[in-house]
Amino acid sequence: MPDFDLTIAYRVSPFLSVSAPKIFNDKLELVTACLLSFKEAIKGLKVKVYVIMDRCPKIYEKVFKELFENVDIKKLENNITGLGYNMNVQTFLLQLEYLKGQQYSEIVMFQEDDYLYFQSIKPMLEFISNENVDFISPYLHPWIINTAWKKFIKNRIIQNKIEWIQIPYTTNTFMTKKNILLEANTFLNLYYKTGDMYRFIILTKNIRPLRIDLPYFRYRIGALKFLRYYLSLREYTLWMPNPTIADHIAGNPPAYTELNELERIKNKAIDFLNSLT
């Protein structure tokens, strides 16, 4: 029997996104701030962490080893696949390989390095234990609830004072189950073709090209190139929490973190980094 609550594949890059908050001086500060919040979010859980480092300086390894137990680190110095995949694809495929092959837990999580956590992820673990829950994002996506994508919301469930909203797609930070990775392995390995968008609108069966009342027709038509997977895979469910459990602070402008809070967490990260020297 697996004796861990959760296995995490955490991918990290030292390159600061142009959309990252300008308050951070470098990516190390941002990553450390997010890691400190994530450490609090998994408090009380027994977790195994795989870290995929994309051309990171040695200080990143020191930060992870200081913060987490049960850590395995894989360092990528260049594009070792020889297939022309960008590093984003390469790191996702390594995450997939580690999580579907590990024996530590049935519940697994793909984690990017720019998510700031506000609370424990225990509600995610409790909700994903439901049979009809396949994937969970920790992020209440404003670009779903505040745009025409909201027409694709299929269901809402209240559990433990959180409203779980069924959505069509998310980013590369999500929780799922090992058996689902094995079920959908062939399709998930096509990430170099699908990206985030097509991956999830196929898995959640959100093409529906004949529904002209639904928005984003070009995305739904574009997804038809993966029609055989749409037809062969079962329909999977993907959910997000309200209120949000985390904020995506670099991929987009932070939706839930004020400037004074960013200043506070940056200073906390700097203090932690100074303690390592």
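In this predicted model, helix α3 (residues 87–101) packs against helix α8 (residues 191–203) at an angle of about 85 degrees, and the axes of the two helices lie 10 Å apart. Since an angle of 65 to 115 degrees counts as roughly perpendicular, α3 is therefore roughly perpendicular to α8. On the α3 side the contact is made by Asn 88, Val 89 and Phe 92, which meet Tyr 191, Tyr 192 and Arg 199 of α8. Sorted by class, the residues of this contact comprise four nonpolar, one polar and one charged.

The crossing in which α1 passes α2 is right-handed. From α1, the residues Lys 27, Leu 28, Val 31, Thr 32, Leu 35, Leu 36 and Lys 39 take part, and they meet Ile 59, Tyr 60, Val 63, Phe 64 and Leu 67 from α2. The residues in the contact of α1 with α2 divide into nine nonpolar, one polar and two charged.

The table sets out the geometry of both pairs.

| Helix pair | Angle | Distance between axes |
|---|---|---|
| α3 (residues 87–101) and α8 (residues 191–203) | about 85 degrees | 10 Å |

Lys 27, which is placed in helix α1, has a relative accessibility of 6% and, because buried means under 20%, counts as buried. Leaving aside residues up to four places away in sequence, Lys 27 touches Ser 13, Pro 14, Phe 15, Leu 16, Tyr 60 and Asp 113. Tyr 60 in this list is also one of the α2 residues in the contact between α1 and α2.

Most residues other than glycine have a negative phi, and most peptide bonds are trans. Lys 205, although it is not a glycine, has a positive phi of about 60 degrees, and Tyr 216, likewise not a glycine, has a positive phi of about 60 degrees. Lys 205 is located in the loop between α8 and α9 (217–222), and Tyr 216 is also placed in the loop between α8 and α9. As for accessibility, Lys 205 counts as buried at 14%, whereas Tyr 216 is partly exposed, with a relative accessible area of 28%. Elsewhere, the peptide bond that runs from Asn 242 to Pro 243 is cis, with omega near 10 degrees, and Pro 243 is found in the loop that lies between β10 (238–242) and β11 (246–248).

Taken as a whole, the protein chain has a secondary structure of 11 helices and 11 strands. Its radius of gyration is 18 Å, close to the 19 Å given by the globule rule for 277 residues, so the chain is as compact as a globular protein of that length. The C-alpha trace spans about 60 × 40 × 40 Å along its principal axes, and buried residues account for 56% of the 277 residues. Of the contacts in the chain between residues at least 6 apart in sequence, 76% join residues at least 24 apart.

Conventions:
Residues are numbered from 1 along each chain as its sequence is written. This is a predicted model: local features need pLDDT of at least 70, side-chain atom pairs count only at pLDDT 80 or more; totals for chains, interfaces and linings use all residues. Side-chain values use heavy atoms; hydrogens and water are left out. A crossing is left-handed if the near helix is turned anticlockwise from the far one by less than a right angle, and right-handed if clockwise. Helices (H or I, at least four residues) and strands (E, at least two) are DSSP runs, numbered from the N terminus. Contact means heavy atoms within 4.5 Å. Ala, Val, Leu, Ile, Met, Phe, Trp, Tyr, Cys and Pro count as nonpolar, Asp, Glu, Lys and Arg as charged, and the others, Gly among them, as polar. The radius of gyration is taken over C-alpha atoms; the globule rule is 2.2 Å times the number of residues to the power 0.38. Buried means under 20% relative accessible area, exposed over 50%, partly exposed in between (1.4 Å probe, protein chains only). Axes are lines fitted to C-alpha atoms, for helices over the stretch in contact, and angles run from 0 to 180 degrees between N-to-C directions. Angles under 35 degrees count as roughly parallel, over 145 as roughly antiparallel, 65 to 115 as roughly perpendicular and the rest as oblique.
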